[in-house]
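These are my notebook entries on a structure that I had not examined before. I set down what I looked up, entry by entry.

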Amino acid sequence: MAYTVTPTPTGPIGSQYCVCKVELSVCGQNLLDRDVTSKSDPFCVLFMEVNGKWVEIVSSKKITRTLLLGNGKPAGKGMITIAAQELSDNRVITLSMAGRKLDKKDLFGKSDPFLEFYKPGDDGKWMLVHRTEVIKYTLDPVWKPFTVPLVSLCDGDVEKLIKVMCYDYDSDGGHDFIGEFQTSVARMCEAQDAFPLELECINPKKQKKKKNYKNSGIIIVKSCKITRDFSFLDYILGGCQLMFTVGIDFTASNGNPRDPSSLHYINPMGTNEYLSAIWAVGQIIQDYDTDKMFPALGFGAQLPPDWKVSHEFAINFNPTNPFCSGVEGIVQAYSACLPHIRFYGPTNFSPIVNHVARFAAQATQQEVASQYFILLIITDGVISDMDETRHAVVQASKLPMSIIIVGVGNADFAAMEFLDGDSRVLRSYTGEEAVRDIVQFVPFRDFRNAPKETLAKAVLAELPQQVMQYFKHQNLPPINSEPA
């Protein structure tokens, strides 16, 4: 059976990082029989040790090893073979399949059919690459549409023969063979919604025994479509720019920045939790933006000369050009503005969320995946305008935009967890649901004594999926991508 291992692209791109998908094919021979009344039902778990922890294994070549028992002795004649194949072809095939008048295999009911797809291996043996779900109690099943990498199904060769086998499911693992046929992806692609492709399901033993044998039913290819499954790296390497904006909380609950107890107090080492969060996220994000010019905004402070409260001001005090040059520029502007503002309140998020959303809305006109906006909000406390913020986030979920919230200090961050829709769908006060989860919240206190890379990984964990989800939903390909 083939399994796909996907790289995690939150770190820098280099030779020490996996920047492609790898498919592992695993097969066993002569395994020990662990069941009394039937054969074993084996499954395989693969691990590799990385930095003292076990993670999924990736092999660069085909290896065969003897299976060992827990005591280190051979498990009979059992062998396991693992072969790795780089999935450099990002095409995927989506199939919609059905059956008609399949053979009845159950004595007291109809069959429970499922399909298995095989491709020829290098050794000439058929290798299982996909299994559909089981459809219970029917001779006319309709399987859910499914998608597999084209490399997995036919090594990317649409003319290569593949074998499809139909079985009747039995709970003891002794599935009853219904029939089979061979075809190719090119042949299946002849199927269209209005013109399905019908293929005879043949049982060779029945065909030999019965002179008037026709078939054991018909397998129908209702539709077959080949598309490209673009990864986060496809979009980034294609030239998509990650447009980074920082929003910093300057409310009074942070404390006087001159007081060592303040969250904004810059210690003798030249840092604080706000700066640590800016460095951790910004140093990675800035590598995905060519000009490295980032808007840095503040909220919750009184500004000179009239000392009115602002929830959306440029920390370099230049509202027409709030851009800072790289992470260093953000840090310099932050440090320079502290003596010139008065911390106040309340803690309103919605103005800054809407600020970035206005720019993201302009990017919805793009015909290719060229821009995606990221707002990093660093805050110490409870949101004052929760209803307005919920509404702003729900509206922003329709745009090429993600929001990262880093909570500093030891406050109650339950509201932040609420915005991070990992466990529930976020709703606006109007009842409208977010189209997708775009908020990732991380409490800084969980990473105070951890390497900065650990914080960056946690903060950016959901970003690749959010980027891909938006562009795929909008059917936007990477810049200069090839058609399927």
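In what order do the strands of the open sheet of four strands stand? I read the order as β9-β8-β11-β12, with antiparallel pairing. Before going further I noted that this is a predicted model, in which local features need pLDDT of at least 70 and side-chain atom pairs count only at pLDDT 80 or more, while totals for chains, interfaces and linings use all residues. I also noted that residues are numbered from 1 along each chain as its sequence is written, and that side-chain values use heavy atoms, with hydrogens and water left out.

**Entry 1: the sheet of four strands**

I use helix for a DSSP run of H or I of at least four residues and strand for a run of E of at least two, numbered from the N terminus. Two strands pair if DSSP finds at least two bridges between them. Strands of a sheet pair through backbone hydrogen bonds, either parallel or antiparallel.

I found β9 and β12 (176–184) at the edges, each with a single partner strand, so one side of each has no neighbour in the sheet. On average, neighbouring strands of this sheet are turned by 30° against each other, direction ignored. For such angles, axes are lines fitted to C-alpha atoms, for helices over the stretch in contact, and angles run from 0 to 180 degrees between N-to-C directions.

I then took the pairs in turn. Strand β8 (residues 113–120) runs antiparallel to strand β9 (residues 126–131), and five bridges join them. In this pair, Y118 stands opposite L128 of β9. The hairpin of β8 and β9 has five residues between the strands, and G124 there takes a positive phi near 85°. Strand β11 (residues 161–168) pairs with β8 in the antiparallel sense over six bridges, and L115 stands opposite C166 in β11.

**Entry 2: the sheet of three strands**

I looked up an open sheet of three strands and found the order β18-β17-β21, with antiparallel pairing. Its edge strands are β18 (308–310) and β21 (342–343), each of which pairs on one side only. Strand β17 (residues 301–303) and β18 pair over three bridges in the antiparallel sense, with Q302 opposite V309 in β18.

I checked the loop between β17 and β18, where P305 lies. P304 and P305 are joined by a cis peptide bond, with omega about 5°. I found a cis peptide bond also from G345 to P346, with omega near -5°. P346 is in the loop between β21 and α7 (350–362).

**Entry 3: α7 with α8**

α7 and helix α8 (residues 386–396) pack at an angle of about 15°, with their axes 9 Å apart. That makes the two helices, α7 and α8, roughly parallel; angles under 35 degrees count as roughly parallel, over 145 as roughly antiparallel, 65 to 115 as roughly perpendicular and the rest as oblique.

The crossing of α7 and α8 is left-handed. A crossing is left-handed if the near helix is turned anticlockwise from the far one by less than a right angle, and right-handed if clockwise. S350, V353 and N354 of α7 meet E388, T389, A392 and V393 of α8, where contact means heavy atoms within 4.5 Å. By class, this contact of α7 with α8 has three nonpolar, three polar and one charged residues. Ala, Val, Leu, Ile, Met, Phe, Trp, Tyr, Cys and Pro count as nonpolar, Asp, Glu, Lys and Arg as charged, and the others, Gly among them, as polar.

**Entry 4: α5 with α10**

How are α5 and α10 oriented to each other? Helix α5 (residues 273–285) packs with helix α10 (residues 452–459) at an angle of about 70°, the axes being 9 Å apart, and the two are therefore roughly perpendicular. The crossing of α5 and α10 is right-handed. I listed S276, A277, A280, V281, Q283 and I284 in α5 as meeting K452, L455, A456 and V459 in α10. These residues divide into seven nonpolar, two polar and one charged.

**Entry 5: single residues**

Is N203 buried or exposed? N203 is buried, with a relative accessible area of 6%; buried means under 20%, exposed over 50%, partly exposed in between (1.4 Å probe, protein chains only). N203 is found in the loop between β13 (197–200) and α3 (204–209). Leaving aside its neighbours within four places in sequence, I found N203 in contact with K105, F177, I178, G179, Y213 and S216.

F317, in the loop between β19 (313–314) and β20 (323–325), has a positive phi of about 60° although it is not a glycine. F317 is partly exposed, at 38% relative accessible area. N475, in the segment after α11 (463–473), also has a positive phi, near 55°. N475 counts as exposed, at 69% relative accessibility.
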